[in-house]
Number of protein chains: 2
Amino acid sequence: MSYIQASIQENKDRFIQELIDWLKIPSVSADPKFKDDVLRAAEYLKTQFEKVGMENVTLLPTKGYPVVYAEKITDKHKPTVLVYGHYDVQPADPYELWDSPPYEPVVKTTETHPQGAIFARGACDDKGQVYMHVKALEMMLANNDLPCNIKVIIEGEEEVGSANLENFLIENKNKLNADVILISDTGIINNETPCITNGLRGLCYMEVELIGPNRDLHSGIYGGGVDNPLNVLCKLVGSLKDENGHITIEGFYDDVVELSEDEKKQINAIPITEKMFEESIGLPKSFGEKGYTLLEQLSIRPTLDVNGIWGGYIGEGAKTVLPSKAQAKISMRLVPNQSSKKIAELFTKHFEKIAPNTVKVKVTEHHGGEPYVTPVDSIEFQAAYKAMETTFGKQPLAMRNGASIPIVALFEKILGLKSVLMGFGLDSDAIHSPNEHYGLFNYFKGIETIPYFYKYYAELKK
Amino acid sequence: MSYIQASIQENKDRFIQELIDWLKIPSVSADPKFKDDVLRAAEYLKTQFEKVGMENVTLLPTKGYPVVYAEKITDKHKPTVLVYGHYDVQPADPYELWDSPPYEPVVKTTETHPQGAIFARGACDDKGQVYMHVKALEMMLANNDLPCNIKVIIEGEEEVGSANLENFLIENKNKLNADVILISDTGIINNETPCITNGLRGLCYMEVELIGPNRDLHSGIYGGGVDNPLNVLCKLVGSLKDENGHITIEGFYDDVVELSEDEKKQINAIPITEKMFEESIGLPKSFGEKGYTLLEQLSIRPTLDVNGIWGGYIGEGAKTVLPSKAQAKISMRLVPNQSSKKIAELFTKHFEKIAPNTVKVKVTEHHGGEPYVTPVDSIEFQAAYKAMETTFGKQPLAMRNGASIPIVALFEKILGLKSVLMGFGLDSDAIHSPNEHYGLFNYFKGIETIPYFYKYYAELKK
């Protein structure tokens with residue numbers, strides 16, 4: 001695949017300019033006033049796929065924004081890779097915190113990106129990473145070097161929860177028939193440390209409400225005879241983890257898979273120390289489940305976090321209210337092989353059990369997601385591994401990401417396909433924040449690496 | 001004092017009408033748009049004191065609304081009683097919940113008040129109760145029957161915290177020289193069960209803030225390695241009371257006075273059962289400190305209540321934030337002989353001690369108040385007791401009120417005077433709420449009882 005380096009070198013400026021032109025379109029899916037722009041961004045991408053020689057390029061309708069579809073089927077005997085990404089972006093506000101306007105992309109060098117980076121909303125998440133695929137396909141098609149059949153779906157509602165994706169996948173199940181899914185919407189540790197995200201945590205999100213008296217009371221007149229729902233809530237929620245950071249819900253850990261020493265070694269190879277972690281977020285001291293390293297706590301261990309709590313008087317000064325109600329949002333990150341549904345049931349049962357008879361308890365479940373893992377010995381992981389090893393000249397790490405990407409579990413559930421999360425962003429790229437940017441090194445490294453994934457995937461699949 | 005019954009009978013309609021005319025003036029101290037009305041209410045009262053024959057009637061200035069002052073000094077050898085009350089009222093909104101407009105008083109009968117009640121904002125709190133004193137003085141002065149010297153201060157800022165009263169008392173300390181203070185701004189159990197409030201709880205009001213990371217984090221990426229300030233807050237606040245409702249702050253109970261069996265008996269004579277208490281506020285089950293009855297828990301035992309708590313995401317649906325900050329307002333009702341300042345120090349020390357080193361802790365103190373008690377064997381209590389016994393034909397109960405009236409502690413601190421809380425309202429009179437009212441029975445019973453207080457106080461003081 002000797003054409004790759006040469007082709008990138010030759011087309012460098014154009015590859016940057018085309019991405020910049022796309023980034024100028026503010027495809028903010030969350031805000032209806034950008035509706036025309038979101039559609040324009042989809043059209044722009046459609047045109048680019050057509051230009052590079054993809055076939056059957058269409059905007060497939062959903063109840064919301066359309067999915068840009070493209071394909072190149074060259075040989076029924078070749079394996080088929082389905083590429084997923086998104087063309088919508090996060091809102092850019094607060095605008096005043098941007099050093100340059102979010103939809104007027106500029107290339108600047110930074111300490112992290114001495115070769116320059118494109119500053120614009122969506123530069124990294126996910127337009128820049130999607131456009132790597134467009135350009136990789138351009139080179140491969142121009143050189144008639146297509147080891148796999150290719151299908152692409154780029155959606156326009158990822159930043160608002162992909163609410164229409166499930167139906168889209170169900171309706172287009174046959175059309176999307178493939179062997180594996182390739183996604184570039186994650187990152188690497190740093191530009192010297194490639195990695196592949198091979199696991200994601202799931203999510204179980206609960207809301208609890210305690211009701212004591214039927215109205216807010218005067219804390220002087222009633223205080224002492226009423227089990228204050230806020231005091232009770234604190235006691236109950238405070239008891240959900242013990243002093244070792246262990247979750248106390250009965251049966252919570254029953255299905256948790258303990259990793260092998262070898263897998264743990266891989267996770268702990270990531271060059272992040274407790275001190276670096278603490279300093280990066282101004283934390284007095286990190287804390288997690290006893291018996292596990294920080295990196296393990298962040299990725300392969302389940303969590304329980306209060307995401308929000310409220311009740312009583314929360315304004316300025318003092319008001320002596322004894323509130324009727326106390327509420328909290330509590331979510332748990334899950335790891336393979338936990339089930340969001342089962343954990344929701346265990347949580348509800350436990351919470352109802354520990355609540356005293358002085359309050360009424362209501363537990364409700366918000367939308368959750370299942371944990372996900374791509375085995376490191378799978379063909380798809382190995383293909384990505386070898387591709388990165390080739391272009392970085394260094395063995396990538398396997399990384400478990402503590403976050404959840406619900407669509408990955410969705411792909412597995414509906415299409416029955418595993419996903420490879422081969423992204424090239426950096427944590428410091430400020431996605432979802434002002435001054436989002438994407439390093440040119442990362443952009444071109446992605447364009448360079450993607451063709452190798454197809455090559456190795458086809459070879460290993462034989 | 002045989003003239004009392006006859007005089008009330010004779011002037012009944014006028015006594016009602018004069019109060020109604022005063023109630024028509026919306027003297028809402030909290031809202032500047034009622035400023036002229038508040039001043040008009042003060043003028044109205046001034047005129048009434050002049051009419052009944054009080055002397056040196058003036059509006060004494062403060063930094064806010066003036067204090068209406070009146071006096072009748074007949075004999076330097078007689079004891080002097082200082083009457084306190086307030087002419088300002090709570091805001092009346094929400095107006096739509098009133099059955100008749102709050103400033104258009106009407107007399108209606110109710111189940112509790114078969115003889116009728118005046119419905120209007122301020123009817124009970126405190127214009128109606130203040131006006132009982134005006135009419136009692138009218139009768140006594142007309143009959144030249146004044147066993148005591150009398151001074152009266154009726155302020156206009158009680159409903160907004162009496163912020164200027166402390167300075168007023170300091171500046172007018174000599175002018176207000178007296179033997180005891182008489183206040184009618186509390187209530188009786190019911191119209192068959194007279195009582196005198198002889199104790200109030202104090203207040204210590206704290207605010208705590210925990211800070212973990214320097215910004216809100218993604219609970220997937222950071223969850224498991226960060227001691228979530230909301231989880232920590234729940235654990236800490238939840239630990240402030242044990243399973244027996246006992247407060248765990250070291251030294252908290254050191255100064256608490258245990259009551260004698262006889263005093264406890266008085267408190268437990270109040271005809272309120274746990275069931276009545278629970279039903280009145282729709283409570284599943286009452287709960288308080290083990291080892292004490294509900295009535296004791298509500299009055300002579302200190303409390304710790306979370307008045308407000310907040311942090312993280314509190315909107316609709318689910319947001320997976322790991323918040324930087326967690327905050328709570330926590331107040332403690334204090335009993336004799338606890339000190340608000342000392343308890344604030346103990347709380348701060350305890351909270352800082354139990355907080356883990358994974359978070360930064362900030363504890364601040366809001367304005368508090370000292371507990372108060374009038375001994376049942378004091379002359380002033382006995383005078384009120386005999387007065388009520390005479391007019392109700394029944395021995396009144398001594399009642400400890402769980403709430404705090406900071407001005408009572410203020411009177412003791414600045415003027416060195418004990419207060420007698422001889423009020424005639426009912427809990428069901430809806431003070432501070434829509435449809436506030438004051439029973440005609442209660443209004444006239446107050447007018448009838450007040451002269452007896454002066455009589456017995458002068459006799460016992462000899």
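Visitor: How many Å separate the centres of domain 1 and domain 2 of chain A?

Guide: In this predicted model, the two centres are 39 Å apart, taken over C-alpha atoms.

Visitor: And which residues go into each domain of chain A?

Guide: Domain 1 covers 3-200 + 371-461, and domain 2 covers 202-256 + 302-369.

Visitor: How many residues from each domain make the contact?

Guide: Domain 1 of chain A puts in 7 residues and domain 2 of chain A puts in 8 residues. On the domain 1 side, the classes are 4 nonpolar, 3 polar and no charged residues.

Visitor: OK, switching to the two chains. How many residues are in contact between A and B?

Guide: 67 residues of chain A touch 68 residues of chain B.

Visitor: Which element of chain A gives the most to that side?

Guide: Strand 11 of chain A does, with 8 residues. Other elements giving two or more residues include helix 5 (229-238), strand 13 (325-334) and strand 14 (360-369) of chain A.

Visitor: What rotation puts chain A on chain B?

Guide: A rotation of 180° with 0.1 Å of shift along its axis superposes chain A on chain B, with an RMSD of 0.1 Å. The two copies are thus related as by a two-fold rotation axis.

Visitor: Why say the copies meet through the same surface?

Guide: Because 100% of the interface residues of chain A are also interface residues in chain B.

Visitor: New topic: strand 7 of chain B. Which residues point which way?

Guide: Val180(B) and Leu182(B) point one way from strand 7 (residues 180-183), while Ile181(B) and Ile183(B) point the other way. Are those four buried or exposed? All are buried. As for the pattern, side chains in a regular strand alternate between the two faces of the sheet.

Visitor: Which strands does strand 7 of chain B pair with?

Guide: Strand 3 (residues 80-86) of chain B is joined to strand 7 by 4 bridges, and those two run parallel. Strand 17 (residues 419-421) of chain B is joined to strand 7 by 3 bridges, and that pair also runs parallel.

Visitor: What stands opposite Ile181(B) in those strands?

Guide: Leu82(B) stands opposite Ile181(B), and in strand 17 of chain B the bridge partner of Ile181(B) is Ser419(B).

Visitor: What about helix 3 of chain B, is it mostly covered or exposed?

Guide: Mostly covered: 14 of its 16 residues are buried. Helix 3 (residues 127-142) reaches 22 Å from its first C-alpha to its last, close to the 22 Å expected at 1.5 Å a residue.

Visitor: And what follows helix 3 of chain B?

Guide: Asn144(B) follows, and its phi is positive, near 50°.

Visitor: Last one: is Gln5(B) buried or exposed, and why?

Guide: Gln5(B) is exposed because it has 12 other C-beta atoms within 10 Å, and a residue counts as exposed at 12 or fewer. Gln5(B) is in helix 1 (residues 3-23) of chain B. Its C-alpha atom is 9.7 Å from that of Ile447(B), 442 residues apart along the chain.

Note on methods: Residues numbered from 1 in each chain as written. Chains lettered and ligands numbered in written order. Predicted model: local features only at pLDDT ≥ 70, side-chain atom pairs only at ≥ 80, totals over all residues. Buried ≥ 20, exposed ≤ 12 C-beta atoms within 10 Å, placed from the backbone. Least-squares fit on C-alpha atoms with pLDDT ≥ 70 in both. Contact = placed C-beta atoms within 7 Å. Expected span 1.5 Å × (residues − 1). Domains from an automatic or database assignment. Nonpolar A, V, L, I, M, F, W, Y, C, P; charged D, E, K, R; others polar. Pairing = 2+ DSSP bridges.
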